[in-house]
Amino acid sequence: MSGPVRTRFAPSPTGYLHIGGARTALFNWLFARKHGGSFILRVEDTDQARNTAEAREAIFSGMQWLGLDWDEGHGKEGEHGPYFQSQRTAIYEHWFEKLRASGRVYEDDGAWRFRFERKPVTMKDLVCGEVTIDYRDESNTPDMVIRRSDGSFVFHFVNVVDDLEMEMTHVIRGEDHLMNTPKHLQLFEALGQNPPTYAHIPLILNADGSKMSKRDQGAAVHEYEGRGFLPSAVNNFIALLGWSPKDDNEIFSAQELLERFSLEAVNRSPARFDWDKCQWLNQQHLMALSPTEFATVAKPHVEQSGVTVTADYEAMAASVQEKVQTLAEVPGMIDFYLKLPPVNEEILGKVRKNNDATVLLQDLSNRMEEIADWSLAGDSIAKTAEAHGLKPGKLMFPLRVALSRRSGGPSLDEMLAILGKEESIRRVRILTEELSGSTENQ
């Protein structure tokens, strides 16, 4: 096919948007956008028994969340519509009649079969190279049903009709369709039409090499939104499931993916899903945000968790920006600012192992009382340790536990600044009392 590049994503609305489908959509979107072409969303909804409105909406919302906008399709009608197969029956009838008039179909027990030409068919795939299917042996390649006895059309036929009617120039789809393509090429030829160029992308396997199922971790796109991933990070991750940038770089913005992507760089071998890498990539994308941007995208997760958003919220969020891998972790990382958590006996036990902790904390709280400029509060840590002939590290862990009840988290300077003088001193003294054996309540 000639003319501007036209690609499509053609999901069947029988469930949520799967990560494999999202990758197919992404590759088609990237290819179309890079070449100044059009990306079409076509819904293959002829399976009335399994299709649901909920699944259809899940696909649309998943695509929108990923930022994979379409030029034609649901809500963007164009001259090649309708874009739902269930609304295209008259179009299929028209092309079926062409096949019948040319003698390429025949009736068999109420169904209609397409008569293959008994010859070798070679397809030139942009990823898989040349693939040949020999149709001379009818026992291996029987004529295929394209219309069922109930009058409904089979996938192979409607897929080809839609691609030729919608003037697709490139069909980028999963490798599981590879053996379907020679059948489709025979249909294009029988209909007197030029086929699109095909590119079959590798399967996605679990880390252990097993086939990825709908129940596996990371299979559903909507999970990523709920867990606090950024769309840019998910696109980055799924792009690397089968495509290689040919250098050591693995972190790409949407624009960088667009500039770097090519079908020539799509791998032939199956991709392995790596959840840890997905989380790591998300962390890199989160760290690349400005503090204000980070606080903004984290806010819905914070509010949903029940953590109160206060005037200091942006500073609280910024203090954990480099500590979290997902936005869903933010509420649990900043809640200590608002209310001192209960004593963690395991962490408290670690503090008690430092025999100097009680005296150091008591001295520190007294020194803090004398500080006029609270922005210099951190200096009191080194001065307190020095006064006792110790290194500052001896005091840093007990102070961290005093302020947050945790062994990790934001820097001490950030915590002191956000909590302020009065609350910081109060918390240091509470821990001092606990270490001294006091049983008084907070």
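The residues lining the largest pocket split into 17 nonpolar, 19 polar and eleven charged. (Nonpolar here covers Ala, Val, Leu, Ile, Met, Phe, Trp, Tyr, Cys and Pro; charged covers Asp, Glu, Lys and Arg; the others, Gly among them, are polar.) Before going further, keep in mind that this is a predicted model, where local features need pLDDT of at least 70 and side-chain atom pairs count only at pLDDT 80 or more, while totals for chains, interfaces and linings use all residues. Numbering runs from 1 along each chain as its sequence is written, and side-chain values use heavy atoms, with hydrogens and water left out.

Back to the pocket. About 1500 Å³ of space lies inside the largest one. A pocket, on a 1 Å grid over the protein atoms alone, is an open set of points where a 1.4 Å probe fits, with protein on both sides within 12 Å along at least five of seven lines; lining residues have an atom within 4 Å of a point. The volume is the space filled by probe spheres set on those points, which are joined across faces, edges and corners. The lining comprises 47 residues, and Ala-10, Pro-11, Ser-12, Asp-176 and His-177 lie nearest the centre. Strand S1 (6-9), helix H1 (19-34), helix H3 (89-101), helix H4 (155-165) and strand S8 (170-174) each give two or more residues to this lining. H1 provides the largest share, five residues. (Helices are DSSP runs of H or I with at least four residues, strands are E runs of at least two, and both are numbered from the N terminus.)

Now for the charged pairs. The model has 26 salt bridges, each a side-chain nitrogen of Lys or Arg within 4 Å of a carboxyl oxygen of Asp or Glu. In one of them, Arg-33 meets Asp-71 at 2.9 Å, N to O. Arg-33 sits in helix H1 and Asp-71 in the loop between helix H2 (53-66) and H3, 38 residues apart.

Another salt bridge joins Asp-163 and Arg-42, again with 2.9 Å between the closest N and O atoms. Asp-163 belongs to helix H4 and Arg-42 to the loop between strand S2 (38-41) and H2, 121 residues apart. Are these two buried or exposed? Both Asp-163 and Arg-42 are buried, with buried meaning under 20% relative accessible area, exposed over 50%, and partly exposed in between (1.4 Å probe, protein chains only). By contrast, Arg-33 counts as partly exposed because its relative accessibility is 21%.
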